[in-house]
Amino acid sequence: MLISAILLLGLLSSSVAEVRAVEQSTVIEFPALNCRKHSAVLTDFGGVGDGKTSNTEAFKAAITNLSQLAPDGGAQLVVPPGKWLTGSFNLTSHFTLFIHKDAIILGTQDETEWPLLPVLPSYGRGRDAPGGRFSSLIFGTNLTDVVITGNNGTIDGQGAYWWTKFKQGKLNETRPYLIEIMYSNRVQISNLTLVNSPSWNVHPIYSSDIIIQYLTIIAPVDSPNTDGIDPDSCTNTRIEDSFVVSGDDCIAVKSGWDEYGIKFNMSTKHLIIRRFTCISPDSAAIALGSEMSGGIEDVRAENITAINTQSGVRIKTAVGRGGYVKDIYVRNMILSTMKYVFWMTGSYTQHPDPGFDPKALPIIKGINYKDIVADNVTYAARLEGIENDPFTDICISNVDIKLSAKPKELQWNCTDVQGVTSRVTPDACNLLPEKEIDCTFPEERLPIEDVELKTCSVTGNF
């Protein structure tokens, strides 16, 4: 009788444990380009989430194993709650990296866990130093159908180590980025918090059909070169519903540097930016350039908010860049506490080396701004084209700028520009005369706007 009772109690306990396990199992739904047939957790490959143990090899082992499932519906790797210290690791195709809301991926400060890569061909040298560059924390090249997402999980680059080396001039290679995807297509980066990147946060380059959404990106406003999102020689990109606090431009649109970008000849085009908020006291909400030698065209930005930011949309270029910035459309901006509302400069004279062609003049034309409200502004505009190479076809309409308590006397500083304004306060410069016009914004949709995400899920005892 006693033995039977013990066995029965054991069976009941086992049943209760199974019920509890089922009850504790959580299903998390999330939007993604594609759902995966297979799923695994980082701990399946030896991951340790104590914030001290290196997980570089665990990430590599997980992705190597899961890559074999690409032909059979693909796979997803779940980063569960915990602090997961790691160096750089590479993604694979038909793959999802899902970071749980209570998970933090920590970038290691051990430089041996950051492999070195060659310089980018459209740049000719590293941005920080002439030599190579450290691989990004999360890196991928020649991929198709890759998703980096979560339910607001965190990637922390622990950038202070790198910022100090940069400021002290002790870097021989360019600092790593948090996320870089190269030569790839069908890419999604979404629903994450990115903090303290060593340098740029998100850098898609030489890629197409990219969706970047619902990112919160934060770095100290005095941290060097912590750009938020930098689409670089990319086609069909959608950036939306994101918030950036940065020590540099919140979004920087690029396409190569001087003679290297001219030779590589890959533009950034068909770019959508919408429902985006920026705080960056020393930089722009959206910068076009300065590395724009492969060309930038058909950029559509709308519903942009900038607070305590140096400028709204800034065009940066120089003699020697070549290339072009054209067909730029901006509408519905709300700006508060700005140094400049409009800023274009043709004298951004950083060059990769002395070998640039002084006859390579950039073409800046077809720049359209409309429906903008700004308050607490120091300067309305600083528009500086290039002598014998003016910036042309500039249109600015329906703009109300309220000045700060101590505004500059010259509100519109214009040289070597040509265009028109309409219903702009305060009055623009003579080079942009008043004309009754409503600046254009394309109404036809780009294909990337119509890409719909699927509802996918992860299941686990989180």
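Modeller: Let us begin with burial: a residue counts as buried when its relative accessible area is under 20%. Please bear in mind throughout that this is a predicted model.

Colleague: Are Cys395 and Cys439 buried or exposed?

Modeller: Cys395 is buried, and Cys439 is buried as well. These two residues also form a disulfide, with their sulfur atoms 2.0 Å apart.

Colleague: What is the general idea of a disulfide?

Modeller: A disulfide is a covalent bond that joins the sulfur atoms of two cysteines. In this model the count comes to four disulfides. The link of Cys395 and Cys439 has -90° about the S-S bond and is left-handed.

Colleague: Which handedness does the link of Cys250 and Cys278 have?

Modeller: That link is right-handed, with 65° about the S-S bond of Cys250 and Cys278. Cys250 sits in the loop between β18 (235-245) and β19 (251-253), while Cys278 belongs to strand β20 (residues 268-279), 28 residues apart. The sulfur atoms of Cys250 and Cys278 are 2.1 Å apart, and both residues are buried.

Colleague: Why is the disulfide of Cys414 and Cys429 left-handed?

Modeller: The disulfide of Cys414 and Cys429 is left-handed because the torsion about its S-S bond is about -95°. Cys414 lies in strand β27 and Cys429 in the loop between β28 and β29, so this pair ties together parts that are 15 residues apart in sequence. Both Cys414 and Cys429 are buried.

Colleague: What pattern do the disulfides of the chain follow?

Modeller: Counting the bonded cysteines along the chain, the pattern is 1-8, 2-3, 4-7, 5-6. Cys234 takes part in no disulfide; the nearest cysteine sulfur belongs to Cys250 and is 19 Å away. Cys234 counts as buried because its relative accessibility is 0%.

Colleague: Ile205 brings us to strands. How are the side chains of a regular strand arranged?

Modeller: In a regular strand, side chains alternate between the two faces of the sheet. Strand β16 (residues 202-205) is covered on both faces: Val202 and Pro204 are buried on one side, His203 and Ile205 on the other.

Colleague: How many bridges join strand β14 to β16?

Modeller: Four bridges join β14 (residues 179-182) to β16, and the two strands run parallel. Among the partners, Met182 is bridged to Ile205 in β16.

Colleague: What tends to happen to nonpolar side chains?

Modeller: In soluble globular proteins, nonpolar side chains tend to be buried together. Here the largest nonpolar core has 92 residues, and those with the most contacts inside it are Leu91, Leu97, Ile155, Ile273, Phe342, Tyr369 and Trp412. Apart from this core lies another, of 13 residues, among them Phe30, Leu446, Ile448 and Val458. Beyond residues up to four places away in sequence, Leu97 touches several others, including Phe59, Leu77, Phe89 and Ile138.

Colleague: How many aromatic pairs does the count come to?

Modeller: The count comes to 14 aromatic pairs. For Phe342 and Trp412, the ring centres are 5.9 Å apart and the planes lie at 35°, so the pair is tilted. This pair links distant parts of the chain, with Phe342 in strand β24 (residues 324-345) and Trp412 in strand β27 (residues 412-415), 70 residues apart. Phe342 counts as buried at 2% relative accessibility, and Trp412 counts as buried at 5%. Elsewhere, Trp114, Phe134, Tyr161 and Trp162 form one aromatic cluster.

Colleague: Which ring does the charged end of Arg175 sit over?

Modeller: The charged end of Arg175 sits over the ring of Phe166, 4.1 Å from the ring centre. Arg314 likewise lies over the face of Trp343, at 3.5 Å from the centre of that ring.

Terms used. Residues are numbered from 1 along each chain as its sequence is written. This is a predicted model: local features need pLDDT of at least 70, side-chain atom pairs count only at pLDDT 80 or more; totals for chains, interfaces and linings use all residues. Side-chain values use heavy atoms; hydrogens and water are left out. Buried means under 20% relative accessible area, exposed over 50%, partly exposed in between (1.4 Å probe, protein chains only). Two strands pair if DSSP finds at least two bridges between them. Rings of Phe, Tyr and Trp (its six-membered ring) pair if their centres lie within 6.5 Å; planes under 30 degrees apart count as stacked, over 60 as edge-to-face and the rest as tilted. A charge sits over a ring if NZ of Lys or CZ of Arg is within 6 Å of the ring centre and within 35 degrees of the ring normal. A disulfide is a pair of cysteine sulfur atoms within 2.5 Å. A nonpolar core is a set of buried Ala, Val, Leu, Ile, Met, Phe, Trp, Tyr and Cys residues joined through side-chain atoms within 4.5 Å. Contact means heavy atoms within 4.5 Å.
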